[in-house]
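Below are some notes on a sheet and a helix pair, written to be read alongside the coordinates.

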Amino acid sequence: MFSRPFRQSHRDENLFSTRRENFLNAKRKLSQHEEKIFCEEKCRIIALFLVLHGSSFCFLSPEEKNILTTKKKKTHYKYNVCKLFVKFVGEKHKTYIFIIFTDMKKYNFSAGPSILPQEVMKATAEACKDFNGIGLSLMEMSHRSKDWQAVMDETDALFKEVLQIPAGYSVVLLGGGASMQFCMVPYNLLEKKAAYLNTGVWAKKALKEAKLFGEVVEVASSADANYTFIPKDYVVPADADYFHITTNNTIYGTEIRKDLDSPVPLVADMSSDIFSRPVDVSKYGMIYGGAQKNLAMAGVTFVIVKDELLGKVSRTIPTMLDYRTHIDKGSMFNTPPVVPIYSAYQTLKWIKASGGTEEMERRALRRADLLYGEIDRNRLFVGTANEEDRSLMNICFVLKDEYKELEKDFFDFATARGMVGIKGHRSVGGFRASCYNAMTVEGVQALVDAMRDFEKEH
Ligand code: PLP
């Protein structure tokens, strides 16, 4: 199962050697391992045995179970942290600590960086050890090599295929995060005036940057209602250079789920809902986003841009901030973030093999139906976003006023059942279950079960 580090000899000073009095330190190391185990060995029943022999100790794998269970037990405590049981068994000069990690599956509801398909993480980790069997790690190989160029070409082709990007658009992969796009967009597109829809903190940050480059019209805002809805009644000035929207408001759990009609080029931050549904790219001038939700590990940013929009502003654009630089050089004007790009490449393959964006949308609807259904049914909880604007990706809910004091209890309750990252953003409070593409129905069901059981107890 997990042999090497856990079977390592107790004589191996590097790994686990410690003095008896440093027991606390040892426990800290142990808990680090606990995390590692859960990362690598999710959903398995794991048994570990820690044996303290005076000043050193070792881990033994489950197969050695019998060796320990035959020992005479003198004292016996049960120590339960996230289903981790520790039994202290004292003998004259030895202490045995018997630890069983029970089947503790973790469900990652983090808003980002967030859950990715297991296949993607495995393939990326594999490539980091040995890329395609060439004897070099992805981390050390030249981005000018033929092998890497093939990955870039395939990633570009897959991106266009999966999103059905029409001719006349380019895809570039950059560093800097979506936040860098908040300034790159106006740098490249804003000559005189731009229109922005203010639907949350990220939209507001984008708007703030644009003001450095020209006049900005905030066409509508839901700030007064703590961004619980998407404004609908607004007019986009026909003389604006572009109209900027944030399709999914990660913090507040609201989403624009259809491709809007806009009188001017539509620019969308799709950081947290890209690839969750089919998108009619032809309706957009530009789509961008950080990759760390539905696409890849953090470190790469995608930009889909209609080529004809570029080169129209009169200002001089620094080379690195000019989209044309990156289009001309195939996203390799400078050294690209190879590992994040490789994980994006793997995710694109996974989406395609899973049935594409149509299937991603079907799964998202199923997950959302399940969770929103429970939020609406459950006596204790209430959703925070306007019903018609509810996001399929970030599902926000709080305890009803009369049960507010149970917030920490529910958090602990859900955490003990394996939920990770469900704490709501501080500006909304309560809980946020981010249900990106890789989240399974089983994961959402586990959360729903926790909500039901918690309700029964209160
Ligand atoms: N836009 C949206 C909708 C986001 O959710 C985030 C981050 O969560 C950002 C922008 C900022 O992304 P980055 O951290 O890649 O700059």
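**Notes on the sheet and the helix pair**

1. Strand β8 (residues 193-198) runs parallel to β9, and six bridges join the two; within this pairing, Y196 stands opposite E218 of β9. Helices (H or I, at least four residues) and strands (E, at least two) are DSSP runs, numbered from the N terminus, and two strands pair if DSSP finds at least two bridges between them.

2. The model is a predicted one, in which local features need pLDDT of at least 70 and side-chain atom pairs count only at pLDDT 80 or more, while totals for chains, interfaces and linings use all residues. Residues are numbered from 1 along each chain as its sequence is written.

3. The open sheet has seven strands in the order β7-β15-β14-β13-β10-β8-β9, and its pairing is mixed. Because β7 (169-174) and β9 (215-221) stand at the edges with a single partner strand each, one side of each is left without a neighbour in the sheet.

4. The axes of helix α7 (residues 177-189) and helix α8 (residues 201-210) come within 8 Å and cross at roughly 40°, which means that α7 is oblique to α8. Axes are lines fitted to C-alpha atoms, for helices over the stretch in contact, with angles from 0 to 180 degrees between N-to-C directions; angles under 35 degrees count as roughly parallel, over 145 as roughly antiparallel, 65 to 115 as roughly perpendicular and the rest as oblique.

5. Where α7 meets α8, S179, F182, C183 and P186 of α7 face K205, A206, E209 and A210 of α8, contact being defined by C-beta atoms, placed from the backbone, that lie within 7 Å.

Technical notes:
Two residues are in contact if their C-beta atoms, placed from the backbone, lie within 7 Å.
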